[in-house]
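This report describes a predicted model of two protein chains.

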Amino acid sequence: MSRNHSGERHPEPQPYAALRTKAIDSLLVEKGLISTDAIDARVQAYEQDIGPLNGAKVVARAWTDAEFKARLLADGTSVVGEMGFFGAQGAEIVALENTPEVHNVVVCTLCSCYPWPVLGLPPRWYKSDAFRARIVIEPRAVLREFGLTLGDSIEVRVWDSNSDIRYMVLPERPKGTDGLSEEELVPLVTRDSMIGVAKAESPTRAV
Amino acid sequence: MNGVHDMGGMHGFGPIDIEADEPVFHNEWEGRVYGIVTGIREEHDVYGPYGSRHYIENISPAQYLAASYYERWMLALEAALISKGLLTADELDAKTRHFAAAPSAEPSRRDNPALAARVRQRIYAPQPIEEQASSLPRFAISDAVVVRNIHPVGHTRLPRYVRGKRGIVERLYGAQGFQDEPTIADRSPQHVYSVAFDAVELWGANAEPNQRLYIDMWESWMEAAE
């Protein structure tokens with residue numbers, strides 16, 4: 001970062017990637033190949049708006065509306081679109097239902113494919129070499145590192161998103177949430193539960 | 001290509017580095033790289049005709065493994081710009097030295113409000129796959145299939161760990177352009193299937209219990225199992 005919280009310049013040298021990016025940015029602008037505000041718009045949209053809250057709204061509705069859930073599992077793209085979530089990396093979205101018998105988890109071993117319209121941009125661990133390499137060959141060991149231990153009777157399904165399909169997990173509705181409304185359920189739906197490395201949060205205290 | 005990016009099943013990368021409450025971008029430059037790579041296509045076909053993954057996958061293996069995620073994007077962007085003749089390595093190096101010598105200097109700025117407004121709309125607009133295959137699907141749900149043992153030297157979406165393996169067709173998806181064709185213009189649509197593979201088939205007797213892998217398969221990768 002070039003600025004601290006009070007907006008003053010940091011004196012320390014900037015990493016090569018920061019300098020190189022400035023150079024590319026500057027040259028592309030000078031050559032008329034990019035427009036600064038059009039680039040800013042993309043950064044701001046994913047930094048400030050498009051994130052896992054979108055997916056959480058989809059999941060909370062699926063938990064409270066059986067007909068919606070059935071349609072979500074049959075045609076994720078249309079149902080996510082009905083909620084207004086479109087855009088890049090969302091051409092075809094498939095929702096995978098976790099149940100007491102089946103646990104789904106999503107990866108992209110070749111790069112980092114991820115359903116941007118519902119989850120935003122992926123966390124660093126999702127893009128890491130370790131996750132990409134290991135989740136397909138030892139998913140239970142990897143899930144334990146996330147604090148999720150699954151018994152041998154639960155089938156683990158790993159989805160490697162190698163085509164243009166983008167997968168999201170529909171986590172199980174936590175126990176003890178029967179009285180909660182759709183809005184009250186939304187905060188229980190974490191990003192990690194929609195990738196499949198965690199379960200949804202349990203309600204810890206009365207609202 | 002059998003590149004280092006095709007890492008499914010590799011050992012030695014250590015534990016998953018999980019960061020609580022991480023920001024979308026860890027540094028300002030990561031956001032810039034993201035914005036430029038996803039945005040420059042609005043104005044110029046920088047990655048054509050091979051697509052951006054061609055440039056990521058052609059980063060040398062040692063450099064790929066040493067680079068962070070957005071550094072890989074940056075290296076691929078650089079390579080594409082240079083190969084297209086839009087930048088030279090010399091001017092990029094000179095500009096980098098300029099910013100190293102003047103740490104408070106900011107990149108040149110040029111705004112295009114009409115384009116920025118279009119981009120803001122497009123970010124939220126449907127971007128459907130509208131491809132149709134010219135033939136009927138060759139496979140049906142529950143069919144047993146074998147993945148062809150192929151090793152394309154260019155871009156392929158077929159991970160190495162599944163080549164030659166037997167699986168079961170679980171779902172039929174719509175058609176998608178076949179991404180293994182070297183140029184975007186050649187990527188004619190094929191049926192895509194979700195095929196399930198038992199972990200023992202992929203990893204042998206030491207596989208974890210009760211595990212299956214689901215991989216999307218373009219039809220031309222598949223053969224009927226005997």
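**The contact between the chains**

In this predicted model, the contact between the two chains draws 82 residues from chain B and 78 residues from chain A. On the side of chain B that touches chain A, the elements that give two or more residues are helix 1 (28-43), helix 4 (69-83), helix 5 (89-101), helix 6 (113-122), strand 2 (166-177) and strand 4 (211-218) of chain B. Helix 1 of chain B supplies the largest share of this side, with 13 residues. Sorted by class, the side of chain B that touches chain A holds 43 nonpolar, 18 polar and 21 charged residues.

Which strands make up the open sheet, and in what order? The open sheet has 7 strands in the order 2(A)-3(A)-4(B)-3(B)-2(B)-1(B)-5(B), and its pairing is mixed. Its edge strands are strand 2 (102-107) of chain A and strand 5 (222-224) of chain B, each of which pairs on one side only. From one strand to the next, the twist averages 35°.

| Strand pair | Direction | Bridges | Bridge partners |
|---|---|---|---|
| Strand 3 of chain A, strand 4 of chain B | parallel | 5 bridges | W159(A) and Y214(B) |
| Strand 2 of chain B, strand 3 of chain B | antiparallel | 7 bridges | A175(B) and H191(B) |
| Strand 3 of chain B, strand 4 of chain B | antiparallel | 7 bridges | V192(B) and W218(B) |
| Strand 1 of chain B, strand 5 of chain B | antiparallel | 3 bridges | V145(B) and A224(B) |

The parallel pairing of strand 3 (residues 155-160) of chain A with strand 4 of chain B joins the two chains within the sheet. Strand 4 of chain B also pairs with strand 3 of chain B, in the antiparallel sense. Strand 3 (residues 189-198) of chain B is mostly covered, as 7 of its 10 residues are buried. In a regular strand, the side chains alternate between the two faces of the sheet.

**The domains of each chain**

The domain assignment divides chain B into domain 1 (28-122) and domain 2 (144-224). Taken over C-alpha atoms, the centres of these two domains of chain B are separated by 32 Å. Where the two domains of chain B touch, 7 residues of domain 1 are in contact with 5 residues of domain 2. The residues on the domain 1 side of this contact divide into 2 nonpolar, 3 polar and 2 charged.

Chain A is divided into domain 1 (16-48) and domain 2 (50-195). The C-alpha centres of domain 1 and domain 2 of chain A lie 31 Å apart.

**A closer look at one residue**

D25(A) has its place in helix 1 (residues 16-30) of chain A. Is D25(A) buried or exposed? D25(A) is buried, because 24 other C-beta atoms lie within 10 Å, and a residue counts as buried at 20 or more. Leaving aside neighbours within four places in sequence, D25(A) is in contact with R32(B), I36(B) and P107(B). Within chain A, D25(A) and I39(A) are 14 residues apart in sequence, and their C-alpha atoms are 9.8 Å apart in space.

Notes: Residues are numbered from 1 along each chain as its sequence is written. Chains are lettered from A and ligands numbered from 1 in the order in which they are written. This is a predicted model: local features need pLDDT of at least 70, side-chain atom pairs count only at pLDDT 80 or more; totals for chains, interfaces and linings use all residues. Domain bounds come from an automatic or database domain assignment. Ala, Val, Leu, Ile, Met, Phe, Trp, Tyr, Cys and Pro count as nonpolar, Asp, Glu, Lys and Arg as charged, and the others, Gly among them, as polar. Helices (H or I, at least four residues) and strands (E, at least two) are DSSP runs, numbered from the N terminus. Two strands pair if DSSP finds at least two bridges between them. A residue is buried if 20 or more other C-beta atoms lie within 10 Å of its own, exposed if 12 or fewer, and partly exposed in between; C-beta atoms are placed from the backbone. Axes are lines fitted to C-alpha atoms, for helices over the stretch in contact, and angles run from 0 to 180 degrees between N-to-C directions.
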